[in-house]
Amino acid sequence: MSLPLISAPVQGVWVLRTPRSAYVLSLGGQDVPLAAHWGAPVDDEAAIALAKVPFDAPRGSWESHLDGREEYPSDSGMRFTEPALALRFPDDGRTVRWVFGTAEIDGGHLRLRYTEQTRPLRLTLHYRVGERHDVVERWAELRTDVPVEVVRADSAAWCLPPREGTRLSTLHGRWGADSRLERTALPDGTLRLGSRRTTTSPMHNPWFAVDDGAATETHGEVWSAALAWSGTWRADVQRLPNGRVVANLGAGHESPVARLRAGTTYEAPKSCGLWTDGGFGAASRAWHDYVRGAVLPHGEELRPVLYNSWEATGFRLDEANQMALAERAAALGCELFVMDDGWFGNRVSDNAGLGDWQPNTDRFPDGLGPLVKRVHELGMRFGIWVEPEMVNPDSDLYRAHPDWVYHSPGYPRDELRNQLVLDVGRPEVAAWMHGWLDRLLSEYDIAFVKWDMNRPVTDPGPYGDLLWSSRHALNLYAVLDRLRHDHPHVRFESCASGGGRVDLGILARTDQVWPSDNTDASDRLHIQEGFSQLYPSRAMTAWVTDAPNFLTGNRLPLRFRFHVAMAGVLGIGGDLPRWTLEDQTEAAALIAQYKRIRPIVQQGSLHRLRSPRTSPAPALAYLSADGTEAAVFQFLDGHRYGEPAPPARLPFLPPGTWQDADTGTGYASAFLAAHGLDAGLFRNHDSAVTHLRRVA
Ligand code: GLA
């Protein structure tokens, strides 16, 4: 008989179970909730023993035995870590002491309910697990009957069990250089990751992983956590004097994160924690399962091969050139045609037009109808670019409603990319935004919306810090949720100058994301490796664009550019009328190959074989969900001397005979595990994608 998702084997001990892990917490002295175990599965007996492990004895009077063990530390009482919860009351008091009330177990959901000892305040700690993934979801909820300033209310403090070493993995970046993986020894003290840029930002992705310093792609324990939130955020990863590691993760960067009136509630966004054995590879596969199975609205759906016009026509688009692109795209095998920026208002450059969401009449004299119709005739779906949260001062919208943007009266309105941010929290602005999007999606048969967001808020106006912590993100979510509800066939892509809004919060209401404006295939190998730590290929749009690359100037072979993009949701972004006949023929064949391996790539499990960070011969593979097919990607990048690339070893293949689906060559799985698949690469930027099928 399988054990329940959550059990309480004795008073004050709770065991949360996922298919391959367990999380145990207990009620300590003075009702303090304590972390007892986060790791391999345990039965109730072991869980009880783990909950009884005594505190590390403080070595002197300057330490607290709670530090590094406490599930939700505040900033009052005998504790010295960064607080997950910090409150200020009108009498300047800050002390809280939480009295345990009840524990409610509802399937996979545990609620620990507390009341404050003297003030009319309630705190609920939420924990949730599911049968089909290994993630523990945690968040906190505060209900008050007195006014209170919430300086900090994190979603969770994640306490890690003591290990000999502590290494931190993060994803950092900037525009054009998103999701770069960094692994570094964690120093004593607090390492703060986060964003104070209104939105998630490419500077850090709200994710980190900790291991003992010895984990590899295939071996070792990895603890990781992510925040399901698209506003500003903060992670305080702390290595304490006692050697323990605790990481607080929550919304908001500066304080306060909320000012609550009596009778109101603050609910922190979900934080998701994952323990895995089996190295960074196993951690990523577990995250991918979770994102596809429990986060994305249609995670099981295969995404079409799309064409996007941005790099081809930029702001020079019109009906004729979009039709010409659509015709070429359809001939290559694209399934979705996405018209990017420049179709509306006076949007002939980034100086004007944002806010005026009517088709530009010079460019589309009869509206979008003829183009949409042509795209459909060509057998593709139609998609469109929008940037609804923004306005150019040079627009009819701004001239009519200059007060609709975030600003402080009397101060200059700082423009970035010549644009300002609309206060989507104002009911009339939200109504306007929803109204035109709703009309656009109702008037035209649109299957896909690329929702962009190209600058942060720099002046919060009257909302102060609260804007950064919640106002913008929550209102964005509300508009997206409503549009999805009313237009269930429309799919959305999240973009913020590339990967500036990639997180588990936005992925719950979008279908894929644009990971970076950098489309250089060599750089993309790195960006995609970082992205894949947490997010599945199913959500990763990847375009093949022109050579030389607009950003790096690199001239990479078409095949290499394709092979890199085929590791995600393939898209084409090149100026197709300029592609030679030879390029078009090769592209059509590669798109056809992609369609054959698409279910393996989008729904299979990823094995990173050689990292672009450490090898000039990066390689990765996907194994299909049923274990009968694999797609193996091999590249040479930064390679010298014409040395042949080492074969990619495939020890994860289920035993049997495997056959190259294109050439018919057969291999024993033992051979592929021991020797590997030799793709015969020896020139820099050679690449290969091999489709394997198990035949016996
Ligand atoms: C941002 C996006 C690009 C493109 C442009 C259009 O930079 O990341 O993909 O859509 O805006 O202005």
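Reply: Start with a term: a salt bridge is a side-chain nitrogen of Lys or Arg within 4 Å of a carboxyl oxygen of Asp or Glu. This is a predicted model, in which local features need pLDDT of at least 70 and side-chain atom pairs count only at pLDDT 80 or more, while totals for chains, interfaces and linings use all residues. Residues are numbered from 1 along each chain as its sequence is written, and side-chain values use heavy atoms, leaving out hydrogens and water.

Me: How many salt bridges are found in the whole structure?
Reply: The search finds 45. In one of them, R17 pairs with D44, with the closest N and O atoms 2.7 Å apart.

Me: Where in the chain are R17 and D44?
Reply: R17 is in strand 2 (residues 13–18) and D44 in helix 1 (residues 44–51), so the pair links distant parts of the chain, 27 residues apart. Helices (H or I, at least four residues) and strands (E, at least two) are DSSP runs, numbered from the N terminus.

Me: Is R17 buried or exposed?
Reply: R17 counts as buried because its relative accessibility is 9%. D44, at 25%, counts as partly exposed. Buried means under 20% relative accessible area, exposed means over 50%, and partly exposed is in between (1.4 Å probe, protein chains only).

Me: Which residue does R79 form a salt bridge with?
Reply: That is E70, with the closest N and O atoms 2.8 Å apart. Both R79 and E70 are buried.

Me: What about E377 and K373, where do they lie?
Reply: Both are in helix 5 (residues 369–377), four residues apart, which is about one turn of the helix. K373 counts as exposed at 55% relative accessibility, and E377 is partly exposed at 48%.

Me: How many bridges join strand 5 to strand 10?
Reply: Four, and the two strands run antiparallel, with strand 10 covering residues 148–153. R88 has E149 in strand 10 as its bridge partner.

Me: Last one: where is F550?
Reply: F550 is in the loop between strand 30 (541–544) and helix 11 (558–565). F550 counts as partly exposed because its relative accessibility is 47%.

Methods. Two strands pair if DSSP finds at least two bridges between them.
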